[in-house]
Amino acid sequence: MHIAIIGTGYVGLVTGACFSEFGVSVTCVDRDTSKIDMLKSGKIPFYEPGLEELVSRNVRQGRLSFTTDLGPAVADSLVVFVAVGTPPRGDGSADLRYVDAVAREIAGHLTSYKVIVTKSTVPVGTGERVRAIIAEHRAEATDFDIVSNPEFLREGAAIEDFMRPNRVVIGARSQQAVAILKDLYRPLYLIETPVVVTDIETAELIKYASNSFLAVKISFINELSRLCEEVGADVKTVAKGMGLDGRIGGKFLHAGAGFGGSCFPKDTRALLQIASSRNVRLGIVEAAVSANERQITLMAEKVFGVMGADLTGKTLAVLGLSFKPNTDDIREAPAIAIISALRAAGANIRTYDPVAMDNAKAVLPDAAYCEDAYSACAGADAVVIVTEWNQFRNLDLQRLKSALKAPFFFDFRNIYEPEKVRAHGFTYCSVGRR
Ligand SMILES: NC(=O)c1ccc[n+]([C@@H]2O[C@H](COP(=O)([O-])OP(=O)(O)OC[C@H]3O[C@@H](n4cnc5c(N)ncnc54)[C@H](O)[C@@H]3O)[C@@H](O)[C@H]2O)c1
């Protein structure tokens, strides 16, 4: 089978590379010429563990190619995935301009039956919207079907998530389209991946509901961490005690600096917009969004509480910039908001992140970018851990202390044991622990 993926970002490239690994012939399309040139020269435009090898192997074996030319890629394919961005508009709703543009372009190249699959995260009703655009703009009266196949991969573990997903969701009206998608996903069927077949609207909503539920879980434990601080309880143990209950589960129950990234902040707000446009109030999701905004603000306030609200002349070493480990994605990363608040209070910032520094330089041009955690701490008045990269979990505390000018240690991901850090003479501050 030959397929095309329109939009070769995180989702499009991982999807394309993984399907080609399944033996399918894949053309990845993007309108960004520099991205396609980079891919053609064997480079990956972003950091994702294992992706470079996967891409280069499948390119070498002739199953994966890249182009900016949508027409031939669509004409040659039975299935066309749409994986372009759906960024938030000012009111939080998803901006569908890229999806619409791609639908129009696909329509112009529809010369035989195709299955058009939305992989981008899109509001309920987008499948029908794409159907209407294609029906209106198609060059010939060719038959086509629309499918919603939302993507659940996590950046940093994207290949594993695509190859071994918890489920595949297929929303469609046409049984023929469902059969084609099931055939495409056959390698996952063989490892007994559950496949949820439903209508398009339900599939579209499953994606927003899943991300919003996970965001609620994170905000729940973050709010609880504030109570823990007041009553002298330990949020890590509270979360452990809760998470061992099979009905609750321990995942996404880690108190910290708040959620960020390209999905949770955007998808929760988009779900709220979808609901309010239908006069439905989703109070729990609303609360999760505002608890998260508060949580991120609270991190800078923790620093002010210990070091004072005027940080003029102080230097802070911030470790971790990406919104989570194993990615260079800094979209809505808590680190960016926290650094901005510290800068506004007068602080100078020295920082280190294993892979996200190039991306951060564009939004935080006046921070000093360092070689590693220890050089970031050299001469600084405090160390602030914002992203829990593995390499920050076991720092040499003695070396860190000697590098710093003052012994302030802010651990906003609760990766250290308070007693151990304090035993080295640090003033230690974490989230939801005494
Ligand atoms: N990043 C994630 O972890 C993740 C996970 C699940 C779902 N999603 C969803 O998947 C979608 C894509 O997200 P992403 O992170 O991969 O975005 P991205 O910004 O990394 O990639 C989108 C790509 O689409 C390209 N594009 C835009 N318009 C185009 C056009 N007309 N023709 C060809 N290419 C075009 C852009 O140049 C870009 O390379 C979003 O809806 C997102 O919510 C993302």
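A crossing of two helices is left-handed if the near helix is turned anticlockwise from the far one by less than a right angle, and right-handed if clockwise. In this predicted model, the crossing of helices H5 and H6 is right-handed.

**Helix pair H5 and H6**

Two packed helices are described by the angle between their axes and the distance between the axes. For H5 (residues 97-108) and H6 (residues 126-137), the axes come within 8 Å and cross at roughly 40°. On the H5 side, the contact is formed by Val-99, Asp-100, Ala-103, Arg-104, Ile-106, Ala-107 and Gly-108, which meet Thr-126, Val-130, Ile-133, Ile-134 and His-137 of H6.

The ligand is surrounded by 26 residues, of which Gly-7, Gly-9, Val-11, Ser-120 and Thr-121 are the closest.

**Domain arrangement**

The protein is divided into domain 1, spanning 2-198, and domain 2, spanning 287-429. Their centres, taken over C-alpha atoms, are separated by 37 Å. Seven residues from domain 1 and seven residues from domain 2 make up the contact.

**Composition by residue class**

| Contact of H5 with H6 | seven residues | three residues | two residues |

Key:
Residues numbered from 1 in each chain as written. Predicted model: local features only at pLDDT ≥ 70, side-chain atom pairs only at ≥ 80, totals over all residues. Axes fitted to C-alpha atoms, helices over the stretch in contact; angles between N-to-C directions. Helix = DSSP H or I, 4+ residues; strand = E, 2+ residues; numbered from the N terminus. Contact = placed C-beta atoms within 7 Å. Nonpolar A, V, L, I, M, F, W, Y, C, P; charged D, E, K, R; others polar. Near = placed C-beta within 6 Å. Domains from an automatic or database assignment.
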